[in-house]
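The stops below follow one another as selections.

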Amino acid sequence: MNSFQGGQVLETLEKKEYTLEELMVLYGNELKRIAFLYVNDHQQSEDIIQEVFLSCYKNIDSFRHESNYKTWLIRITINKCKDYRKKWSIKNMIYKPIMDPFMKNRGPSSEENLLRKEIQNDMIHALAKLPSKYKDVLILYYYQDMKVDEIASLLGANPNTIRSQLTRGRILLKKKWKGD
């Protein structure tokens with residue numbers, strides 16, 4: 001390899017690292033929240049996000065720009081979370097009490113803050129018990145503020161299917177939340 005080719009390789013690596021660093025700053029916290037909603041474990045969600053960005057770094061040259069980076073990273077995050085759940089059979093474990101590290105409550109009293117946190121924890125527990133297809137659309141719709149068409153594109157589904165899953169997911173979530 002001549003010095004010109006070596007310079008191109010170095011330039012490509014520097015650009016790749018710069019892009020990765022930008023993506024981490026722009027989307028790291030959002031991706032962590034998504035991972036946390038899936039696994040209910042702060043440390044594990046951080047580990048998953050490290051895997052997401054490692055995968056991003058390895059595959060950024062093959063990114064086809066059919067969607068934006070955020071959508072691509074959300075898809076990777078969801079897949080890594082699903083892999084984690086399959087690997088460790090999280091469905092069958094008792095969920096740990098959740099310390100909500102991502103959302104800061106500002107209520108007038110400690111009692112109100114405690115009540116709000118308990119409600120959030122109950123909702124997260126109920127969401128965690130839903131089948132993946134409903135959990136995916138609910139997280140993307142409510143926590144990521146994505147539109148139905150964006151979710152359909154991200155998940156490779158028909159928008160009408162996403163609407164149905166949102167409706168069924170809401171019903172199931174309400175039953176689980178009130179039933180538990």
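Which residue just after α5 takes a positive phi? Select Asp-145: its phi is about 50 degrees. The model is predicted, so local features need pLDDT of at least 70 and side-chain atom pairs count only at pLDDT 80 or more, while totals for chains, interfaces and linings use all residues. Residues are numbered from 1 along each chain as its sequence is written, and side-chain values use heavy atoms, with hydrogens and water left out.

**Whole chain.** Colour by secondary structure: the protein chain has 7 helices and 0 strands. Helices (H or I, at least four residues) and strands (E, at least two) are DSSP runs, numbered from the N terminus. Of the 180 residues, 37% count as buried, where buried means under 20% relative accessible area, exposed over 50%, and partly exposed in between (1.4 Å probe, protein chains only).

**Helix α5.** Select residues 132-143, the 12 residues of α5. From first C-alpha to last, α5 reaches 15 Å, close to the 16 Å expected at 1.5 Å a residue; the expected span is 1.5 Å times one less than the number of residues. Buried here are Tyr-134, Lys-135, Asp-136, Val-137, Leu-138, Ile-139 and Leu-140.

**Gln-165.** Next, go to helix α7 (residues 159-179) and pick Gln-165. Why does Gln-165 count as buried? Because its relative accessibility is 14%. Leaving aside neighbours within four places in sequence, Gln-165 is in contact (heavy atoms within 4.5 Å) with Lys-133, Tyr-134 and Val-137. Tyr-134 and Val-137 are among the buried residues of α5.

**Helix α4.** Select residues 110-128: α4 has 19 residues and reaches 26 Å, close to the expected 27 Å. Its buried residues are Gln-120, Asn-121, Ile-124, His-125, Ala-126, Leu-127 and Ala-128.

**The largest pocket.** Select Asn-59, Ser-62, Phe-63, Arg-64, His-65, Glu-66, Ser-67, Thr-71, Trp-72, Arg-75, Ser-153 and Leu-154, which line the largest pocket. The elements giving two or more residues to this lining are α3 (69-88) and α6 (148-155), and α3 gives the most, with 3. On a 1 Å grid over the protein atoms alone, a pocket is an open set of points where a 1.4 Å probe fits, with protein on both sides within 12 Å along at least five of seven lines; lining residues have an atom within 4 Å of a point. The space in the largest pocket is about 250 Å³, a volume being the space filled by probe spheres set on the points, which are joined across faces, edges and corners.
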